[in-house]
Amino acid sequence: MIPSVNHPGDRTIGLLAYLYGPGRHEEHTDPHLVASFDGMSPDPGRDPKATLKDLQALLDQPVLALPEHARPAKHVWHTSVRATADDRVLTDEEWGEIARRIVAATGIDPGEGEPGCRWAAVRHADDHIHIVATLVREDGSRPDDFRSGKRAQAECRLIEKELDLHQVAPGDGTAAQRPTSAERHKAERQGRERTAREELRETVRRAVAGATSEAEFFDRLAAAGLLIRKRAAPSGDLLGYKVALPDDRNKDGEPVFYPGARLAPDLSLPRIRERWSADAHDLDPTATGLVSRPAPGGPAGARRRTASAVWQAMLVVEGGKDAVAAAQIAAAGEVLDALATTSAAHTRSELRQAAFVFERASRSHVRAERGHDQALREAARALVRSGPALGRGEDGATTAMAIDMLFFLITAASHWHAKKGHAQQAAAARQAAAHLRAAYQTAAVQPLGALYQRGRHLSRPLLHRQTAVLREALPQLAEQIRAEPGWYALAATLADAEAAGHNPAALLDDAAGRRELSTADSVSDVLVWRLRRTADLPADTSHAVPVSPKAEVSVRRTTRRPEARRGRS
């Protein structure tokens, strides 16, 4: 249940006319009162003899009773209270009781013998009501409505539990502004999946991801097809910006512009500049604007570097200072945006959803200490510069590797937020992790399938050798791993690591000692990607040659001489 307390207004009749009218888009149906301060207020919706003027006069009476100089300039208090999409349809009686509890909790009509303000609750849709009050009490005094928005939120949390409704996570004031009902109805009429506000927020976030300067940021916005208005001081210094979708127009045919700060608190120009100023000293001077040199190694190389940066960020989130952890979590959002933008079609949808919902987890009251997030921002920059990735081969396999690492970083972010009491952010991170899991399952099918086939075709001595290595390095997890479908892919990876000159037991021990292994759906999958990244092995093995006969001979020799093997390791 979501209350939304508006800034006070000055025209009671104007607000009533809107609530009882058809709505801006004919969305209001059967407007009527469900409750009022005295239980007997005239209802222009159901009583043919009652008029809007009657209701307005009754509500405004205590205000007009004051001398003109003593009347508040903004005397109309207004809030909506909306059920969530998965709540049942409440009755008028239930909505009436909710209205009475909200006005009591916010100090509008506290009850218990205290004088209250006059108010009325109007319902014109199944899922919400509006409460209108005038901010003068019956004795001529002003109500104690300080922080009425937060008080309404707290009361809604209690109402949700008592009525067995969806329990909305409490907020902390850092969330992006929700689309209005008018914006939602407009999106429905235009056949948009999301409102213009949400589309713009997503597009601006993608433009910010890895950007290094204002020029690059605004070039990306223009390349995305947005209309841009910049606000400058008389000196010429840039103060802010607004963006609009070309086809989102108002009734006069003009584009509807949104300032960056209205899209999200961290999308204002000053907040965006904080990211640039933190890493400006390390930027390549040739890397401004859209035409910048591509990242070395192409999309696959960018994804490998992303996986490494994400792993280091996870360590910081789990054990670093709060301000530094907050910076890593914020930068993780940039990486998600960049990865979603540059990934192949079969993973793009889930990655976009992950980035979209994680946006809420990227901010909290813990102010990010910028500069410590430089590795993640550089990873996002490399992803964007490397261009679109293929859905197969090394590009596709390293995409799976990067998603696997991101899943654990986002899970760590969820735990961090939960410990801080950031309920909305923790819930958003959990949602993002679920989308990442789905994206990973799609991305990993081909590369893990190829590894599985290679593992199935390992010779018996070589497979026994890798089983022995597993049992030696991870005695407590060995049998669980061997029972997983991914065991053969891990066995092939261990064989590849050994053939490349690595100590597979040491690699396994290091990989398994890393945090968050227990939350994996498949321990063997996680170990595969960690080993292949650490040992710098190709992520895609679909065209790899089998283990050489020379390696087979080496395995047979080391199998017969375990004491020598231990000596070499």
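Cys 156 is buried, at a relative accessible area of 0%. Cys 156 takes part in no disulfide. In this predicted model, the nearest cysteine sulfur belongs to Cys 117 and lies 19 Å away. A disulfide would need the two sulfur atoms within 2.5 Å. Cys 117 is likewise in no disulfide, with the sulfur of Cys 156 as its nearest. Cys 117 also counts as buried, at 2% relative accessibility. The structure as a whole holds zero disulfides.

Now to the sheet. Three strands make an open sheet, ordered β6-β7-β8, with antiparallel pairing. The edges are β6 (227-232) and β8 (258-259). Each has a single partner strand, so one side of each is left without a neighbour in the sheet. β6 and β7 (residues 238-244) run antiparallel and are joined by six bridges. At this pairing, Ala 232 stands opposite Leu 238 in β7.

Two helices accompany these strands. Helix α7 (residues 214-223) packs on the sheet and touches β6 and β7. The direction of α7 makes about 15 degrees with that of β7. Helix α6 (residues 196-208) lies across β7 and β8. The angle of α6 to β7 is about 125 degrees.

How far can the coordinates be trusted? The protein chain averages a pLDDT of 88, and 91% of the residues score at least 70. Two stretches call for care. Over residues 281-293, pLDDT stays under 50, and the model has 22 contacts beyond four places in sequence for them. Over residues 548-569, pLDDT again stays under 50, with 14 such contacts. Where pLDDT is low, predicted coordinates should not be read in detail.

Note on methods: Residues numbered from 1 in each chain as written. Predicted model: local features only at pLDDT ≥ 70, side-chain atom pairs only at ≥ 80, totals over all residues. Heavy atoms only, no water. pLDDT = per-residue confidence, 0-100. Contact = heavy atoms within 4.5 Å. Buried < 20%, exposed > 50% of the residue type's maximum accessible area, 1.4 Å probe, protein only. Pairing = 2+ DSSP bridges. Helix = DSSP H or I, 4+ residues; strand = E, 2+ residues; numbered from the N terminus. Axes fitted to C-alpha atoms, helices over the stretch in contact; angles between N-to-C directions.
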